[in-house]
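Opening my notebook on a new structure today. I want to look at how the chains meet and how one chain splits into parts.

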Amino acid sequence: MPIFSYLAIPRNDAKETLCADLATTPHCEVIPADNQDVIVLVTDTPDEATEEVLQQTLKNLQSLQSLSLAFGYDDNEKKGS
Amino acid sequence: MTTKRKGVNEVTMKLNRRRFMKYAAASSAVASAGSLFPGISFGDWKNISNNSGVVSWQKAPCRFCGTGCGVLIGVSNNRAIAVKGDPNCSVNKGLCCMKGYHSVQALYGKDRLTKAQVRKNGAMVEVPIQEALDLVASKLKETRDKHGKDSVAMYGSGQWTIPDGYVASKLFKGCLGTNNVEANARLCMASAVTGFMTSFGLDEPMGCYEDMDHANVFVTWGNNMAEMHPVLFSRMLANRKRRTNVKIIDFATRLTRTSQAADKSIIFKPQTDLAVANAICYEIIKNGWVNWDFVNQHVSFHKGKTNIGYGTEDHFAFTDKAESINLEEFKLFLEDYTPEKVEKISGVPAKDIKYLAYIYGDPTLKVTSFWCMGMNQHTRGTWINNLVYNIHLLVGKISTPGNSPFSLTGQPSACGTVREVGTLTHKLPHGVVMNEKHRQMAAEIWDVPVSNIDPKPTYHTVEMFRALDRGDIKFMWIQVTNPMVTMPNLNRYRDGALKDDRFVVVSDVYPTPTTDVADVILPAAMWVEQEGMFGNSERRTQHFGQIVDPPGEAMSDTWQIIEVARRLGFEKQFSWSQEDYIEKIWEEYRRFHAGPKHEMASYEILNERSGVQWPFVDGKETRWRFNPKYDPACTNGKDFDFYGKKDNRAWIWARPYEPAAESPDSEYNFWLNTGRVIEHWHTGSMTRRVPVLHNAVPSAYVELHPEDAAELGVVNGEKVKIISRRGEVVMPAQINGRGVPSRGMVFVPFFDESYLINEVTLDAFCPISKQPDYKKCAVRLEKA
Amino acid sequence: MMEHTERAIRRTVTIATCCFFGFLWLIGAAASSVSAELGDFDYQGDTLYRSYETTPEMYMAADSGDRNLANFYSLRQYPGSPPRIPHAVDLTFSGNETDCLSCHAKGGYAQEFGKFIPVTPHPEKTLCYQCHVQVQTDELFVETDWKSIPPPRLGRSFLASSPPPIPHPLQMRENCISCHTGPGAVVEIRVEHSARGNCRQCHVPTVQTEPLLEFVRKQ
C-alpha cells in the first residue's frame, strides 16, 4: 500500500484550480499553504495498479507545474494473512 | 485464545501504522517545504488530527458525579479533543478526576447511536428521526385516547439537563395532565429529599463545599468518598495536611480506599447505622453536650409511625403521621440506644460510639458529616437522614462554616433537574401537585388551564415499573438512563417492559440493555453536544453551551420532547425557536423560584460564570442557609431562622432502629451490597467506551472477605455464583482488592451489563421516600 | 524533563549564589545605615558561612543529579525487577532489617555516598536480602544472551491535556510518593504535586506491558 507525499507547485495563478483538481482526485489528501503557492499532497493507494493510474492522472493535470517527492513508504504485506 | 488476541493486536497495529505513516508523510513534506520556503505555514490541516492547531476552550460542568467540577473542553475542528479543569470554578479549582479528564472520549465510541430506529416485525429498522418522532407522538396519543391519560409515562434522569426536565414536566404534567413523571433520582436521592423535607421543610443542603476548609472532623457515613466524590475527597485530604487538628473518620460497612485514607475506620453491621446514630444522641444528652441555647430556640421534637413496612408488594401505600413530643419523651426513646446496647447489634465497640459522640459534642470541634448512597439507598433512608440531622441539631453544629450535615448528591443534576424542576410524581417546579396555589402558579407560567394539572400523585419509580408490568401503564418514554440494568429485582421489570401491548421509547447515546427492549430508539445528543444546565450537590447551577455538534441525526433530549409536544398539538406552550430555546426555557423556569429562598441567576450571568449558587439574591450567592449572616431569607431576627417549617424550627425526629427488609438467614446467609468504582459511571454505557477507563477495570467482580473466600474454596478470579430468592449471577471473585467487605458480606459494582447484579437485588424501599435499598439483601454463595 | 529540572536547578543555584554575593556586598557596603535597622540580629551571620562551608554543594543543589532513569534501569534486569544493591553492604546474611531501613525507610541525604537516598515503597517487607542482591563482582561467569523488553514510556496521556496513566503494575508499588517525590526520586519521574494526596484520583493504571482492551458490546 504505497503512501507518498509531495510538494506540488501549481502553474502561475493556478493554486486554487490545482487544489480543486487534487481534491477531486481519488486517494489524495491536500494541505495547501497559507502564504505561498505550494501544496502538500499525500497519496495513499491500496495497490500498485491504482498507484500507476494515479501517477498518470497527476501527470495529466494542467494546473500542476511540478511535483517533488518528499516521502515514500510501501507496505508490501499481503492482505488477509 | 492467545493467537486470536495476537491477531487482533496485529490488525490494530497495522491500521495505526498506516495512520502514522500518512502523518509522517505529511510532516516530511511540510518540513521540506519549510526549508525551501522559509516562513511557510500550513494552517488548514483538515484531515490530520494530530496537528497542534489552535484549540478553543469552553467551560462546562463535568458529565459525571454530583460534585459538579468545572471543566474546560478543548475543541479543535468541531471535535472535543482535550479536557482541563476550570480554574475559575470554585468547586474544583482546576482539578478533575480520571473520569473528568477523559470524559470527552465518551462522545466517540464506535457504536454511538446516530440514527433513529423503530421496531418493525420484531427487528429494529433505521428510520429518519422525524418519522420516529411522528410515531412516538401518534402512539402516545393513541394510548392516551384508548387507555386514559395515566396510561402514558415519562421516566427521566438526574443526568437530564434542567431544560430537559422542565419541558418533560411541562408536557406531561401541564399539557397531558398526568403525574406519571419520574426520574432515576428516585433511586438515588429520594431519601435525602424526604430527610430534608421532614427535618427542615426545604430541600437541599444548607452548607456548601467551603465547609471543608473550616471543619476539624469529617465523618463519612457509609459513602466511599475517595472513589465517588474524588475531587471533594482530595480537598479534605489537602485540608488535613495543611491545617492542624483535622481528622477523617470513616463509618462504613466495608473497608474501602476511604477507610485506607481515614484516621479512624469504624465498621458497622448493615442497617445498624440507625442504632448507632441514636446512640450518639444518647451519649450527647447524657454527657451534657447538648447546645441548649440552640435547641431551645431553634428545634422542636417529633415522632412518626413505626413498623412502616418495606414496599415489596404492589400498590404499597404509606403516609406518615407527625406527632409532637417533648424532650423527656425523646430522652426516654433514646434509653433503648445506650452505646452498650447498640454495640451488641451493630458490632461497633461502645467506646467508638462514645468517641463519635465526643467528636460531635466537643464545642471546639467543627464537624462536617458527608453521606450519599449508604444512607439514601436504605429501607429507612428518610429516618437515617433525620437521625444524622438530629445529631447536628442537638449540638447546634449546622449552617455555620465547617459545621455541616452535608448530603452529597450522586448524579450531576439530580439536584438541578429532578429536585429543583420537580420531575417526580408529586412535584411541580415550585411546590407539589397537591397544593392548589402551587398548581395555579404552574398553570399560569405554563399557560395551561389549571384543571390540567392533576392534584393526585400517581406512581413513584418502582411502582411505575410495576404499573408497566401490570399494564396500567402502556407507554413509557425513557431518557438518559438505563433502567434495564438499574431497577432492583430486575427480572420482573424487564419482563414487564417486554410484554405485548407495551410501547417503550428510549432516548440514549449508546446501545444498552434498555435500548434492547425499546420499540423506538431516538439517538440523543450527549452532554456538550446540546446546550443546557446542571445543578450540583451544593446548589450550584452550571451552564454549558453547545460545544460540538451531535453526530448523525442525534438530537438534544429537550428538542425531542418539544418536537413531540408540537405534534400533540401544544405548539403554543412549546413555541420556542432552536436558536434561543434554552435561554427562553431558563427564563421561564426561573420564575417559579423567585424570592430570596430560591432565586436563581439569569441566563446571562450563568453564561459568564463557572457556576452560580442559588439562592442568588441581589447578585450574591447564599452560601449558608438559615443563618442570617449569610442568608437574606432569614426574617426572625434571631441567630438562626429555619424558615422551611411553619414553627421556624428544625425538627428532631425520634426514629427507631428497624431491621432490613431481607436480612441474612440460615438459607441465604450473606449480605449483598452494590455500588460503584471510581473508573466507571453507573451502568458503564459511557465510561466503558473510554479506553483508559475500560482498560483499568474491564469487567465486574464480586468482593469477598479472604476468610469467606477460603471457606468457599475460592481464590482470586475464580467464579462465584451469587443466588437470591429472585435470581442468580455468576461472576469472578476479587479478594483483597481496593475494597474488603466484612465477613458475611459481598460487594458487586454494577457498571457491567454482562453481570446484571440487579437480577439478584430486592425492590424493597423506604416507605416515606420510596427509594430502593441497593445495599442490603440476602444471598447465598456457591463456588461455580 | 531531566534537562528542564537540571536547568532549573542550575538557575536556582545561580540565583542563590548571586543572592549570596549580593548579600555580602550589602553587608559590606551599607553597614552604617542598614545595621541600625537590622538591629541586634546581625551578629549571627557567621552561622550562614559556617553552614556554607560544611554543607556539600550537592546537598544545597537539592538534587542527587545522577539518579535518572538510565541509572534506575541499569540496576534492574527487566522493568519491575527488584534492583540490586549498588553500594557495599554487610556480606553476612544478618537479616538485620534496621540496617537497610535506617536509610531507606524515610530517605534523606547520605553523606558517605554523597547522594540522596531512594525511599522504599514497601517498608513492611523487612527481609531485604531475600530479593535485593549484593554485587561483589562485575565479571560474568559465562557470556549471556539475556534481553528484556524496553521499560515503559513516560507521559503517554490519552488526551493532550489529561494526566499520564500509571504505566507500571501496582504490585508493591502502591505508594506513589516514595518513588515520585523528593530529592531521592528519579529525576524524570519526580513530581512536585504530590501534595494533592490522592494520586489515583487522576492517574489511571494502564500497564504498558498489557494489551489495551477495547469495549465490545455482547449481543
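Before I list any domains, a reminder to myself: domain bounds here come from an automatic or database domain assignment. I also note that this is a predicted model.

**Entry 1: domains of chain B.** I looked up the assignment for chain B and found domain 1 (2-107), domain 2 (119-178 + 413-621), domain 3 (193-410 + 650-654) and domain 4 (670-783).

**Entry 2: domain 1 against domain 2.** I checked the C-alpha centres of domain 1 of chain B and domain 2 of chain B, and they lie 33 Å apart. For the contact, I count 19 residues from domain 1 of chain B and 16 residues from domain 2 of chain B.

Which elements give two or more residues to the domain 1 side? I found strand E1 (56-61), strand E2 (70-76) and strand E3 (79-85) of chain B. The largest share of that side comes from E1(B), with four residues. Sorted by class, the domain 1 side that touches domain 2 of chain B has eight nonpolar, seven polar and four charged residues.

**Entry 3: chain B against chain A.** Here I get 20 residues of chain B in contact with 20 residues of chain A. On the chain B side, I noted 11 nonpolar, six polar and three charged residues.

**Entry 4: who touches whom.** Which chains share the most contacts? Of the two pairs of chains in contact, my answer is chains B and C.

Conventions:
Residues numbered from 1 in each chain as written. Chains lettered and ligands numbered in written order. Predicted model: local features only at pLDDT ≥ 70, side-chain atom pairs only at ≥ 80, totals over all residues. Contact = placed C-beta atoms within 7 Å. Nonpolar A, V, L, I, M, F, W, Y, C, P; charged D, E, K, R; others polar.
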